[in-house]
Amino acid sequence: MVSKSVRDTELSISSQSGAINETTVQMQPLLKAMKKAIAGDFSVRLDENNGLGEIAAVFNQWVSCHETFANNIAEVSYQVGIEGKLERRLTLQKAKGTWSKSVEAINILIDRLATPTLEAERVLS
């Protein structure tokens with residue numbers, strides 16, 4: 001005969017296991033989207049009504065920041081490297097923390113590469 005406390009423990013474990021499985025299923029879209037983002041697909045978005053609520057919204061904001069940053073780098077690269085607009089610099093609205101440091105690092109790189117050319121152009125003009 002199984003005691004009541006053992007039976008209650010088994011029921012508790014069983015219900016926890018069900019909750020864990022439900023959570024695992026619910027997190028699958030997030031996991032799939034994160035894998036896409038890691039692979040460089042910053043266009044991926046989560047449905048914010050999928051049961052993840054704020055987690056989905058924050059993920060969407062995060063991946064959107066990466067998409068904007070990548071697009072801005074590509075744009076300034078084209079402007080400086082192809083069009084020869086050596087005065088152009090990377091901008092990222094409301095950049096803070098590491099985003100700001102990354103923008104600054106790219107702009108310093110552009111400055112250091114463009115300055116000799118701009119100076120030579122000034123002297124020769």
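When I call a residue exposed, I mean that its relative accessible area is over 50%, whereas buried means under 20% and partly exposed lies in between, all with a 1.4 Å probe and protein chains only. What we have here is a predicted model, in which local features need pLDDT of at least 70 and side-chain atom pairs count only at pLDDT 80 or more, while totals for chains, interfaces and linings use all residues. Residues are numbered from 1 along each chain as its sequence is written, and side-chain values use heavy atoms, with hydrogens and water left out.

How many salt bridges does the structure hold? There are five, a salt bridge being a side-chain nitrogen of Lys or Arg within 4 Å of a carboxyl oxygen of Asp or Glu.

Let me start with arginine 88, whose side chain meets that of glutamate 87 at 3.5 Å, N to O. Glutamate 87 counts as exposed because its relative accessibility is 52%, and arginine 88, at 32%, counts as partly exposed.

Next, arginine 89 forms a salt bridge with aspartate 111, with 2.6 Å between the closest N and O atoms. This pair links distant parts of the chain, 22 residues apart, since arginine 89 sits in the loop between helix H2 (54–82) and helix H3 (97–124), and aspartate 111 in helix H3; helices here are DSSP runs of H or I, at least four residues, numbered from the N terminus. Arginine 89 is partly exposed at 26%, as is aspartate 111 at 32%.

Finally, arginine 122 pairs with glutamate 119 in a salt bridge at 2.4 Å, and both lie in helix H3, three residues or about one turn apart.

Note on methods. Helices (H or I, at least four residues) and strands (E, at least two) are DSSP runs, numbered from the N terminus.
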